[in-house]
Amino acid sequence: MTTQMLEMKGGQGPERIRTWWKDAAVYQIYPSSFNDSNGDGIGDIPGIIEKLDYLETLGVDALWLSPIYCSPLKDMGYDISDYRKVDPRYGTLEDVEKLVGEAKNRSMKIVMDLVVNHSSDEHEWFKESRKSKTNPKRDYYIWRQPKSDAEGKRQPPNNWVSIFGGSAWTYDETTGEYYLHLFTSSQPDFNWESPMLRKEVYSIMSFWLEKRIAGFRMDVINLISKTPGLPDAPVTDPKEEYQNGSMYFANGPRLHEFLQEMRREVLDKFDTITVGEMPFVTDPQEVLKCVKGRKELDMIFQFDIIEVDSAPGQSKFYPYQWKLTDLKAIVDKWQTFMIENDGWNALFDENHDQPRSVFRYVDRSAVEKSFQARELAAKMLATFLIMQSGTFFVYQGQEIGMGNVPREWGIEEYKDVESLSYWNKLLEERGGDLGKMKDVMEALQAKARDNARTPVQWDSSPQAGFTTGRPWMRVNDDYKEWNAAAQAESQSSVYRYYAKLLSLRRDHKNIIVYGDFEMLSHNHEKVFAYKRYGYHGPDVGKAAVIVVMNFTGEAEVEWDLKEGKFVKEGLLQKPEVIIGNYGDGKVIVKNGIVHLRPFEAVVFWGDFVDIRDGGLGPNCVVA
């Protein structure tokens, strides 16, 4: 389908360009844990096809699949051994083609994960590359000669630490050189300086786009260009042998050149959606270089929101107490900057690399104690994201309020390489004393990637309906209370609330997708509030909605209507509810003060109330 490019005015901001991928809600599928159709305990592509009606009812427009390529699964598919073949665990190429067709029948598109910063060490290219220094594929990867210390002992080429710990270099006996791997030693980094390597990558992309996939989520795409010479990183942690070298391998000097070449050689020949994962970048100007005017990517996943609970310069597992004003500053920064500079946001707070949001951004103890509190908090967080400007991404199970793994689970239930590397490193440092590992276990319970990888809870039958066999990873113990079947039957469930919000977003895209943004109540430490406004119709003009949320489990949290600018001609106006997560259409107002209930989220019509387009009006309540 050819992209429709329609010009419009969005409030006071610059001219907006409308296109399908901006309107879209994208649902991420982690195939191993989504739905198993053949009883082997691993989710598969036929299992995804079985659930397309469920996803259509939810109201999503595209499905992003985490890697389904052939892989030894040292890092759950992000170590690819063949980019043109589907791993037999998941199905066949014919299954993918069927999925694309069945999704199209439901007006949904398929997005693939593109992992081209590195491959598996079992890829044929790497097997060839390590054979000799003169092999034609030697420069597909990054090889360097050893260094020597004062005693003549062999040392890695530089002091970079890998993202999973230890040196970012592994010595290979065959040629007597080290190869670079920013992740595990089984994930050697590609050398993007090689024109032939880039040509191979573009050929792979064209192969999948010709099979009618809609585009790519690009894994750590801003790491593909490294600083020439690969210099040592500054010593910022004297206790550690290896140091953070991200200033030399993230957003390197040729990144934009490579991305522009990728667009010329491949992407501009198709109607695609592209979203790049970009860790280690917080400068909006640097991001804008990638997304402005679609010269490179359509949008990027920036990490500010998901790092709000991480201490600067510390491991993500280090405990850190953040404040709601920190989160407000991040949202205000990216919403305002992208709207004012013709960029575009990717909206997410949960994925396969992150813990479950409902146990992360609110008081976990409160949502663990009460089914209602967890339900309300999940709906509140959905409101928080969906009403912002940008393409919305939801991760499997998020739409039913799935939570982190239970606190009672031991380390034997954790499967992820990052979790186990962290555990083993600390266990070794503490002399193997399990009695000293309580804080490490608590850190994993809060932040481990395993939290997002438990199988989707489809119903209350054994193994949550995920498989008839033994699941590759244990099903969360709470599946009898929290499952998709129960939520699909209940009009007040988290799933149904997501569907209503996505419907609201589609019906009022001029405001919610393309409208302007204004942060309200900047300094309130309990209430998160913002305003969206934009062009509503040729006979009406501008309209606005105001989103108000109590991020705490406390009752009677107060918010002044004046902060929402519910004042017209000097008189306080009565707010009109569009949607709220309590489902009763009520707002408790006393003397101009809104009294928000625990985890309450309410969306109001704002100060422009002349709405006559046949949609939701100022007297309409949806709950």
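## A walk through the model

Start by selecting Cys70, which is buried at a relative accessible area of 15%. Keep in mind throughout that you are looking at a predicted model. Now jump to Cys290: its relative accessibility is 0%, so Cys290 is buried too.

Check its backbone: phi of Met76 is positive, near 50°, and the residue is not a glycine. Met76 counts as buried, because its relative accessibility is 15%.

Stay in that loop between β5 and β6 and select Asp75. Is Asp75 buried or exposed? With a relative accessible area of 6%, Asp75 is buried. Show side chains and you'll find a polar contact between those of Asp75 and Gln187, at 3.1 Å. Leaving out residues up to four places away in sequence, Asp75 touches Gln187 along with Phe164, Asp416, Val417 and Arg449.

**Another positive phi**

Asn251 is not a glycine, yet its phi is positive at about 55°. It has a relative accessible area of 17%, so Asn251 counts as buried.

**Out to the surface**

Now select strand β9 (residues 147-148) and zoom in on Ser148. Ser148 is exposed, because its relative accessibility is 55%. Not counting residues up to four places away in sequence, Ser148 touches Lys153 and Gln155.

**The sheet**

Switch to cartoon view for the open sheet of eight strands. Trace them in the order β15-β14-β13-β7-β4-β3-β17-β16, with parallel pairing. At the edges are β15 (299-301) and β16 (346-347); each has a single partner strand, so one side of each lacks a neighbour in the sheet.

Zoom in on β13 (residues 215-218) and β14 (residues 273-277): the two run parallel and are joined by four bridges. Pick Met218 and look across to β14, where its bridge partner is Gly276.

**Into the core**

Beyond its neighbours within four places in sequence, Phe216 is in contact with Val111, Met112, Leu114, Met205, Trp208, Leu209, Leu267, Ile273, Thr274 and Val275. Which residues of the largest nonpolar core touch the most other members? Select Tyr27, Leu55, Trp192, Met205, Trp208, Phe216 and Phe528, out of 147 residues in that core. Helix α12 (residues 371-386) gives the most to this core, contributing 10 residues. There is also a second, separate core of 15 residues; Ile142, Leu182, Leu230 and Ala250 are among them.

**Last stop: α14**

Finish on helix α14 (residues 438-447). Its buried residues are Val440, Met441, Ala443, Leu444, Gln445 and Lys447. As you look at their spacing, recall that an α-helix has 3.6 residues a turn, so residues three or four places apart point the same way. What covers the buried residues of α14? Bring up α11 (364-369) and α13 (417-429), which are included in that cover.

How values were computed
Residues numbered from 1 in each chain as written. Predicted model: local features only at pLDDT ≥ 70, side-chain atom pairs only at ≥ 80, totals over all residues. Heavy atoms only, no water. Buried < 20%, exposed > 50% of the residue type's maximum accessible area, 1.4 Å probe, protein only. Contact = heavy atoms within 4.5 Å. Core = buried A, V, L, I, M, F, W, Y, C linked by side-chain atoms within 4.5 Å. Polar contact = N/O pair within 3.5 Å; in protein donor to acceptor, adjacent residues only side chain to side chain. Pairing = 2+ DSSP bridges.
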